[in-house]
Amino acid sequence: MGKDVIVACDFSSAEATFAFLDKFTGRKPFVKIGMELYYAEGPAIVREIKARGHKIFLDLKLHDIPNTVKKALRNLDVDITNLHAAGTTAMMKAALEGLTREDGTRPLLIAVTQLTSTDQAAMESDLLIHEPIDEVVMHYAETAKNAGLDGVVCSPLEAQKVHDICGKKFLTVTPGVRFADGDIGDQKRVMTPEQAKKIGSDYIVVGRPITAAPDPVAAYERCIKEFVD
Ligand code: C5P
């Protein structure tokens, strides 16, 4: 695992998702299923995409009491899933227990630190956290590592610092990727796949630059060429 392009399949139906995935007749992309698709189609969509031979990152960002999270994650057949580090160490450890299969294997588990939609002002006023946000992000990453998790979702701009603090083997999964000649849309801080490779991201998560491209397969292959090859 590692050094791969994960395609964010942010579609509202199975039909739209399969119409998109059917375009890929060669290499099968690693697929991210997020809340939009999961809540529209239920767990069947995970099984169906898995049965088509794709690796899956199930991005549901769990945050609940440890027992509930542990039970929710039992028998989950995906390759990567995630939760909020804010759920604390007890929740993260319970999640790992729930994910671990009888044979000892389990999907990779990564943590969301502070959402990129949360800024310093919101963190202070709504969460009563007064430390600088980049220190909070790094503290959450360290807490996740100490709980036994495999990595974090972070901005490509944070990946290097996360590796410096948590070690090279601690995975950085980075959205916010755009081609040098592409639209940045609503993403604020972006990097190209090539830059993300240079700063050491382990996986890049790419949505619209591939899903909304006139030729999604060519856009995906371009990402692979810049980031993996
Ligand atoms: O279309 P785009 O490439 O912007 O999609 C990025 C994907 O990564 C989306 O599924 C988005 O929800 C997700 N994401 C993000 N920023 C974060 C966390 C997740 O863009 N901080």
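A polar contact is a pair of N or O atoms within 3.5 Å; within protein, one must be able to donate a hydrogen and the other to accept it, and residues adjacent in sequence count only if both atoms are side-chain atoms. The model is predicted, so local features need pLDDT of at least 70 and side-chain atom pairs pLDDT 80 or more, while totals for chains, interfaces and linings use all residues. Residues are numbered from 1 along each chain as its sequence is written, and side-chain values use heavy atoms, without hydrogens and water.

**Exercise 1.** Determine whether N82 is buried or exposed.

*Solution.* Step 1: locate N82 in strand β4 (residues 80–84); a strand is a DSSP run of E with at least two residues, numbered from the N terminus. Step 2: apply the cut-offs, with buried under 20% relative accessible area, exposed over 50% and partly exposed in between (1.4 Å probe, protein chains only). Step 3: N82 is buried because its relative accessibility is 1%.

**Exercise 2.** Identify the polar partners of the N82 side chain.

*Solution.* Step 1: the side chains of N82 and D59 form a polar contact of 2.7 Å. Step 2: a polar atom of the N82 side chain also lies 3.2 Å from the backbone nitrogen of L60.

**Exercise 3.** List residues that N82 touches, not counting those up to four places away in sequence.

*Solution.* Step 1: take contact as heavy atoms within 4.5 Å. Step 2: the residues touched by N82 include F57, L58, D59, L60, K61 and L62. Step 3: L109, I110, V112 and V153 are also among them.

Methods. Helices (H or I, at least four residues) and strands (E, at least two) are DSSP runs, numbered from the N terminus.
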